[in-house]
Amino acid sequence: MLELREITKRFGDVLANDHVNIVVKPGTIHAIVGENGAGKSTAMRIAYGFYTADSGEILVDGQVREIRSPHDAIALGIGMVHQHFMLVETMTVAENIVLGAEPGSSFALDLKSAAAQIRQLSEEFKLAVNPNEPVEHLSVGQQQRVELLKALYRHAKLLILDEPTAVLTPLEVEEFFGILRRMRAQGKTVIIITHKLSEVLAISDEVTVMRDGKVVGGVQTKDTNAAELARMMVGREVLLRVEKPDADVGRAALEVRNLSVTTATGAKRVDNISFQVRTGEIVGIAGVEGNGQTELIEALAGLVEPAQITGEIIIDGKNINAVSARARRELGISHIPEDRHRRGLLLDFNLAENSILGVHYRPPITRLAGNVFLDDGAIRRRATEIIEAFDVRPRNAALPARSLSGGNQQKLIIGREYHVNPKVLLVSQPTRGVDIGAIEFIHRQLVKLRDQGCAILLVSAELEEVTSLSDRLLVVHDGKIAGEVDPKVATLEEIGLLMTRGH
Amino acid sequence: MRDVFTLSLIASTIRLATPLVLAALGGLFSERSGVINIALEGKMLAGAFTAAAVTYAADTKLGMGNASPWVGLLGGLVAGLFIAFIYAVSCIRFKADQVVSGAAINILMLGIPGFLSGAFFLSSGSTPQLPKDHLLPQSPVVIAITILILVALIWYVLYKTPFGLRLRSVGEKPEAADAAGVSVSKLRYSGVLLAGMLAGIGGAYLSIGQSSLFTRNMTAGRGFIALAALIFGKWRPVQTLLACLLFGFTEAVSIQMQGAVKLPSGEDIPVQFINMVPYVLTIVVLAGFIGSSRPPRALGVPYQKEK
């Protein structure tokens, strides 16, 4: 169906694809795995005409083809769903789907016949959406369906899906895999780019593994396993499970009593929640995203207007409801935010500047009468310490944070928060979009911090992560705690039920 | 006060709003495609000067008589198109900052007509007076009908044709359009060039419709008022038309008020104060409404294909 031969692509100094060879057989689901920056997306963007290769050939159905733009790829029956959806939010589903391939004449846009065609495709592939709904009103899962319909509407025979499950909840992932199997049954070919090995094993027929811009192996899925794939991806043995000693639990460091958080528009997102986090333990919060986790963590970190909060947040026996975010940090609360681009980093600032956020206003970072000037030397020293201790790559404090991979950005943030010796750590989605190698490292760091007596509250959408790291696990649903389970004995099904039904 | 609000006020509103409507609708095409059109002013000036000069030449040198204003109108259109082409190449091909290159064009167009009128007409910035019967039609009814047809046509193009859908998508999220196989730069060129033509015609109407010659800086900020009307009209054709009529109305009122309205003490209100009215309204409208009016999301951002 699709063959890449000796594809090479260079971005400046970086060799993103180095003589890449991939063969995708028709009617299969083909997984391309590799860490961030391994060149998976680049190779597929070349196949879709977003980039042009410096050298090498693309064959479609056995013939060498010139693909210079997405327009050419579409004409050859190739469709692509990007990791960040390519949808115009203000337009309707139908408008998005027909864009660039409009039915009717060029003087009259026929959205009615388009809507009929879309309904028919929805039916055929069980992708329910309302063609007349504006995209901005859709959930992420629905938006993904629109992307799939967009490709199907253009008669794509080959669909390239870039990290399609990154934005989906565990239940939506199951549903999504059902859709992919249906497509395969209808004769479509699917390429799925991912770094989640459990998904590769669950859905694909064949796997191509990439590392550092090169293809390092290709196997039949039935002949391989997670450990082997991880070793090929990272280039060394990887511990997939977290190893941790039993928790040595002390007094309550953070206590939450009857906490409710209401948004500015009046919606109650956190509903009468009470719990404790003691020193030396990791308390996990599992739940489908959007069930109040974000608001809970932001309320604890001091990022919510006190007027929107009822109940009590208590640190060391003191109520801190009205204490500012800065003063909370001074009390020993650290926060690793779920969205590192929005809350965690200033992307255009360099690593050194990012490494002092939160302590930028006080000695030793500032000098002269306390805090008149920034001390460049101190900033550089701190940045270097963090970069070395947390293996942030490339090791150059002068680079802008934007130029780092997601995993390295996350390591920088974790290193920064680690450096202040927090008593309470609030951490959300610590390994979202992070490579396997870095995930292992981040997990070990969190356990190490716990063993030093830090009280950790961990929110994660990855069920496996939150169950393997936590000492106690709270399951939230609709802003309430649906139950507490022992992560050592609870099954994923049990937790999954609490997450969705709330009891 | 009764002397101010007369039937002729309506006629004058339509007349004064016409160049604004043309320029604002042009700006609509450009901004909906994602290119800021701060250069409307410059394009109007180019259109105004060229229209007056071409009309004069067609009349005196070619003896085209009554047809000469139409040739002039075409000249204005082409001049707007030419300026828009320069602007489009710098913003789209070379990804220059749109505000800076727009401002450069506006400054350029303050000087060039003066230079050319010196060269051609030995004057210091004006073109020669045209005879009254060699101007564009000024009947408010004819103009009103033309404008209504134009607005309806633009509305249809924007919302009911594939071109309009693509144009809007490129202004909202060019990467999505690109991924869908739509050429972002082709649509942005179309948007900016359409803007140039319409602004050129708007300028032409100033010099060979409302007046009978080009004078230095005769647009007096109308390009910017058109831009304000576009924002006030939320980048939609009908609302933009209404916004232009509002601005045209204030200008008409300010003209009629001169000498007609007196201070309680019996003295005239200084004319400078009355002339301020449309501009003050522009500021008030923008300060009050700009926040609630959502621009096309990719407005002002050059599209970079490869990071």
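These legends go with close-up views of a predicted model.

**View 1. Where chain A meets chain B.**
Here we're looking at the contact between the chains, built from 19 residues of chain A and 18 residues of chain B. On the chain A side, the biggest giver is helix 2 (residues 70–75) of chain A, with 3 residues. Sorted by class, the side of chain A that touches chain B has 12 nonpolar, 5 polar and 2 charged residues.

**View 2. Two helices of chain B crossing.**
Helix 2 (residues 40–60) of chain B and helix 3 (residues 68–93) of chain B have axes that come within 7 Å and cross at roughly 145°. The crossing of helix 2 and helix 3 of chain B is right-handed. Have a look at who takes part: helix 2 of chain B brings residues including Gly42(B), Ala46(B), Ala51(B), Val54(B) and Ala58(B), while helix 3 of chain B answers with a set that includes Pro69(B), Val71(B), Leu73(B), Gly76(B), Gly80(B) and Ile83(B). By class, this helix-to-helix contact has 12 nonpolar, 9 polar and 2 charged residues.

**View 3. Inside the largest nonpolar core.**
This core has 148 residues. The residues with the most contacts inside it are Ala47(A), Ile78(A), Ile160(A), Ile191(A), Ile456(A), Leu458(A) and Val475(A). Zoom in on Ile78(A): leaving aside residues up to four places away in sequence, Ile78(A) touches Ala47(A), Tyr48(A), Ala73(A), Ala156(A), Leu158(A) and Ile160(A). Apart from this core lies another one, of 78 residues, and among them are Ile14(B), Leu16(B), Leu22(B) and Leu245(B). As a bit of background, nonpolar side chains tend to be buried together in soluble globular proteins.

**View 4. A four-stranded open sheet in chain A.**
The 4 strands of this open sheet run in the order 12-11-14-15, with antiparallel pairing. Strand 12 (268–278) and strand 15 (318–319) of chain A sit at the edges, each pairing on one side only. Helix 9 (residues 293–301) of chain A packs on the sheet and touches strand 11, strand 12 and strand 14 (309–315) of chain A. The direction of helix 9 makes about 60° with that of strand 12 of chain A.

Key
Residues numbered from 1 in each chain as written. Chains lettered and ligands numbered in written order. Predicted model: local features only at pLDDT ≥ 70, side-chain atom pairs only at ≥ 80, totals over all residues. Contact = placed C-beta atoms within 7 Å. Nonpolar A, V, L, I, M, F, W, Y, C, P; charged D, E, K, R; others polar. Axes fitted to C-alpha atoms, helices over the stretch in contact; angles between N-to-C directions. Left-handed = near helix turned anticlockwise from the far one by under 90°. Core = buried A, V, L, I, M, F, W, Y, C linked by C-beta atoms within 7 Å. Buried ≥ 20, exposed ≤ 12 C-beta atoms within 10 Å, placed from the backbone. Pairing = 2+ DSSP bridges.
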